[in-house]
Amino acid sequence: MKIIKCDPVLFLLLILPAAGCSHHSTETEAIPVIYSTDLYHPPMDPDDNFDLACLFSLMELDIQAIIIDNAAKVPVNPGIIPIKQMESITGRNVPYATGLRYGLKSIDDNGSAQKKYTAGVELILKTLGKSAKPVTIITVGSLRDVAAALNTDPELCRKKIGRIFVFAGDASVNNRSVFREYNVDLDTLSFARVMNSGLNIYWVPCFDGGPFINNGRSSWMVAERKQLLSGLSPRLMNYFTYCLLANRDSSYIGALTAPVDSQAVRMITNVQENGSRNLWCSHVFPYIANRSYYIKDGRCTTSLRHKKSGDENVIQPLRFREIYAHSDLSGMVWPDSVKTAANRINVFEITDMKNFRVEMASVVEDLLKEAAE
């Protein structure tokens with residue numbers, strides 16, 4: 001058995017319960033959310049740290065639970081540190097748990113055989129059980145814990161899950177014999193279980209036509225880090241330098257209020273990945289929060305739909321179109337000629353390919369600035 005060394009602070013955080021709930025629980029407009037993410041420290045993909053910050057910035061979302069998708073093939077520490085840092089920055093208090101460590105053995109596996117790793121499944125079911133409103137689930141890693149929760153208590157899941165936004169897969173049916181998208185490949189059975197569940201699926205493919213190809217049905221885009229990280233509060237800038245430079249200082253909360261290190265900022269802005277950042281999720285989160293996308297002063301931003309100021313030009317850069325499809329057990333989604341409720345899902349589409357990247361980059365830039373307001 002391989003032993004993974006763990007920071008003592010992280011160990012205490014893992015064994016102590018994260019009590020409490022989001023401070024949005026009293027807001028009638030708040031949307032209850034369970035967020036399942038493959039978040040680690042140091043990050044496997046810095047995209048996950050951008051996503052977490054943008055999710056926390058959306059005050060319309062009542063983040064009731066975070067499930068850390070603890071895939072066995074990724075031998076790193078779960079992302080407790082970035083969660084605690086974003087809690088400190090935004091004032092939220094969000095329960096979290098690490099998920100199942102190994103893939104589902106069958107399409108109806110409920111994960112109970114993984115006795116040491118069921119905390120994520122249990123938190124999902126507990127959150128659904130206590131929620132007075134339908135809960136939105138967002139998955140940006142594998143669907144392992146969601147599928148196991150569905151297999152454990154299908155009646156509760158069907159009653160309490162309002163929407164599931166699945167950021168995974170490839171929208172194209174071409175070249176499928178040679179490519180399977182990473183999130184799907186983490187656990188193909190769990191992906192198939194959820195996609196074929198008949199629940200209210202909003203599918204956001206990571207690619208459309210193969211690796212790093214987008215023909216209009218993928219959320220993938222590239223933004224410049226210099227733009228995304230411009231004008232951030234000192235605390236949020238310190239969050240990014242701490243995470244992206246894999247800082248191991250145990251005083252990670254204190255690090256947020258330290259003077260901003262200009263050299264560290266230059267390193268994460270200009271050196272890594274030639275200054276660019278692949279994004280899949282952050283710019284779709286405002287849609288989940290029922291915000292409008294609009295053009296103001298020549299750039300795209302978002303706002304609550306019921307709080308329009310009257311001087312904006314509302315646009316629709318993305319939408320979801322209802323289709324009939326099914327996933328096979330290898331995690332490939334195929335168009336379905338049989339129109340049944342179980343096969344009905346909503347698939348992501350870009351409405352303006354020409355301007356999508358530029359518009360969505362400014363959306364993410366503004367979300368990050370909101371995070372510390």
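These are my notebook entries on a predicted model of a protein chain.

**Ground rules.** I number residues from 1 along each chain as its sequence is written, and I leave hydrogens and water out, using heavy atoms for side-chain values. Since I am reading a predicted model, local features need pLDDT of at least 70 and side-chain atom pairs count only at pLDDT 80 or more, while totals for chains, interfaces and linings use all residues.

**Entry 1, the whole chain.** I looked up the secondary structure and found 13 helices and 14 strands, where helices (H or I, at least four residues) and strands (E, at least two) are DSSP runs numbered from the N terminus. Of the 373 residues, 58% are buried, a word I use for under 20% relative accessible area, with exposed for over 50% and partly exposed for what lies in between (1.4 Å probe, protein chains only). The accessible surface is about 15,700 Å², and 53% of this surface belongs to carbon and sulfur atoms; areas come from the Shrake-Rupley method with a 1.4 Å probe, and for residues only the protein chains shown count as cover. Among contacts with a separation of 6 or more, 76% link residues 24 or more positions apart, a contact being heavy atoms within 4.5 Å.

**Entry 2, the nine-stranded sheet.** In what order do the strands of the open sheet lie? I read β3-β2-β1-β4-β5-β6-β14-β12-β13, with mixed pairing, and I take two strands as paired if DSSP finds at least two bridges between them. At the edges are β3 (96-98) and β13 (333-335), each of which pairs on one side only. Neighbouring strands are turned by 30 degrees against each other on average, direction ignored. Inside the sheet, β1 (residues 31-37) and β4 (residues 135-139) are parallel over four bridges, and I34 has I137 of β4 as its bridge partner. I also followed helix α8 (residues 188-195), which lies across β5, β6, β12, β13 and β14 and runs at about 135 degrees to β6; axes are lines fitted to C-alpha atoms, for helices over the stretch in contact, and angles run from 0 to 180 degrees between N-to-C directions.

At 76% relative accessibility, D297 counts as exposed. Strand β9 is also joined to β11 (residues 313-315) by three bridges, again antiparallel, and Y293 has I315 of β11 as its bridge partner.

Most residues other than glycine have a negative phi, and most peptide bonds are trans. The peptide bond from H41 to P42 is cis, with omega near 0 degrees, and P42 lies in the loop between β1 and α2.
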